[in-house]
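Here is a short report on a protein model. It covers sheets, helices, a surface patch and charged pairs.

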Amino acid sequence: FRVFRDVIHEGGVVKGFNEKEGAASFSRKKLYELSAFAVGSGAKGLAWIKIFDNGWQSSLNKFFVDEDKRAVNEMLDASSGDLILIVAQTLKIANQALGALRLEVARRLDIISDGSYAFVWITRFPLLEYNESDGRLEAVHHPFTAPLEGDLALLDDHPEQARARAYDLVLNGAEIGGGSVRIHDLATQEKVFKALGVSAETAQSKFGFFLEALRYGAPPHGGIALGFDRLVAIMTGVKSIREVIAFPKTTRATCPLTNAPSGVDEAQLKELALQPCQESLD
């Protein structure tokens with residue numbers, strides 16, 4: 001199938017998941033809605049396969065020989081009545097789109113029971129990721145996140161493969177906390193800066209105080225920040241986090257408590273060389 005083949009040749013992936021016994025639950029109209037949802041989540045499109053006793057029902061049917069179909073079915077543990085959903089994209093976008101799609105399918109099938117709390121720790125994130133628009137590597141979390149000790153050697157020749165000592169706590173598919181262990185030795189920090197394309201001069205100019213502290217010796221340190229608002233939203237079952245924030249901001253970026261944004265004095269604008277926005281927020 002040329003679409004899949006081209007994505008793979010360009011360094012992308014073809015990923016999917018099997019919604020067990022999901023074929024009967026999704027008509028063509030509903031599959032079109034899922035496709036639109038996947039596109040809204042970053043994918044270029046969504047391929048689907050319904051599995052029946054007599055074979056595949058899918059637009060992909062004519063592109064796969066029977067041997068390949070059996071291999072796909074075996075890989076995804078698919079049997080009659082199942083629905084396979086597939087995205088072909090870069091690894092990052094494919095994961096994001098399929099993650100969102102998995103939750104959307106679960107919501108539509110009402111298979112997430114009310115009052116259930118499913119926790120999971122996500123660990124060993126990639127340390128760096130490639131920024132297509134800038135044409136360079138950038139930090140996934142921040143440039144001071146420590147790499148896994150076993151991946152230190154990768155920073156020299158394959159920094160994009162290094163994993164981070166970073167972690168997220170997820171509840172019912174929503175992140176409720178995250179953090180990392182920081183770099184605490186100068187040699188590792190310099191390697192990370194080099195992988196990010198930060199010159200020694202720039203590093204010294206921007207972070208000289210920090211590098212000096214590492215030179216004298218800094219203790220290992222790390223932590224986690226919890227999203228209490230998100231946790232309460234999940235526990236109370238509300239759809240919007242704004243329902244549980246004491247003084248929520250509106251979608252128009254205004255604050256009902258302080259009436260912000262308020263007017264700004266001309267002297268302040270002049271001092272900062274700014275001009276007020278002419279568009280009213282009302």
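Which strands does helix 1 lie across? Helix 1 (residues 2-9) lies across strand 1, strand 2 (47-52) and strand 4, at about 45° to strand 4.

## Basis of the model

This is a predicted model, in which local features need pLDDT of at least 70, side-chain atom pairs count only at pLDDT 80 or more, and totals for chains, interfaces and linings use all residues. Residues are numbered from 1 along each chain as its sequence is written, and side-chain values use heavy atoms, leaving out hydrogens and water.

Helices (H or I, at least four residues) and strands (E, at least two) are DSSP runs, numbered from the N terminus. Two strands pair if DSSP finds at least two bridges between them. Axes are lines fitted to C-alpha atoms, for helices over the stretch in contact; angles run from 0 to 180 degrees between N-to-C directions. Contact means heavy atoms within 4.5 Å.

Four strands form an open sheet in the order 1-4-2-3, with antiparallel pairing. Its edge strands are strand 1 (13-19) and strand 3 (55-57), each pairing on one side only. Neighbouring strands are turned by 30° against each other on average, direction ignored.

Strand 1 and strand 4 (residues 83-89) run antiparallel, joined by seven bridges. Phe17 stands opposite Leu85 in strand 4. Helix 3 (residues 66-75) lies across strand 2, strand 3 and strand 4, running at about 85° to strand 3.

Five bridges join strand 5 to strand 8 (residues 166-171). Ile122 stands opposite Asp168 in strand 8.

Ser180 is found in strand 9. Is Ser180 buried or exposed? Ser180 counts as buried because its relative accessibility is 4%. The cut-offs are under 20% relative accessible area for buried, over 50% for exposed, and partly exposed in between (1.4 Å probe, protein chains only). Leaving aside neighbours within four places in sequence, the contacts of Ser180 include His141, His142, Arg165 and His221.

## Hairpin

Strand 6 (residues 128-131) and strand 7 (residues 136-139) pair in the antiparallel sense over four bridges. They form a hairpin with four residues between them. Gly135 in the turn has a positive phi of about 70°. Glu129 has Glu138 in strand 7 as its bridge partner.

## Salt bridges

The whole structure holds nine salt bridges. A salt bridge is a side-chain nitrogen of Lys or Arg within 4 Å of a carboxyl oxygen of Asp or Glu.

Arg108 and Glu104 meet at 2.9 Å, N to O. They are four residues apart in helix 4, so about one helical turn separates them. Arg108 is partly exposed at 36% relative accessibility, whereas Glu104 is buried at 13%. Glu33, Glu104, Arg107 and Arg108 are linked in a network of salt bridges.

Asp156 forms a salt bridge with Lys191, the closest N and O atoms being 3.5 Å apart. This pair links distant parts of the chain: Asp156 is in helix 5 (residues 154-157) and Lys191 in helix 6 (residues 186-195), 35 residues apart. Glu212 and Arg215 meet in a salt bridge at 2.7 Å, N to O. Both lie in helix 7 (residues 200-216), three residues apart.
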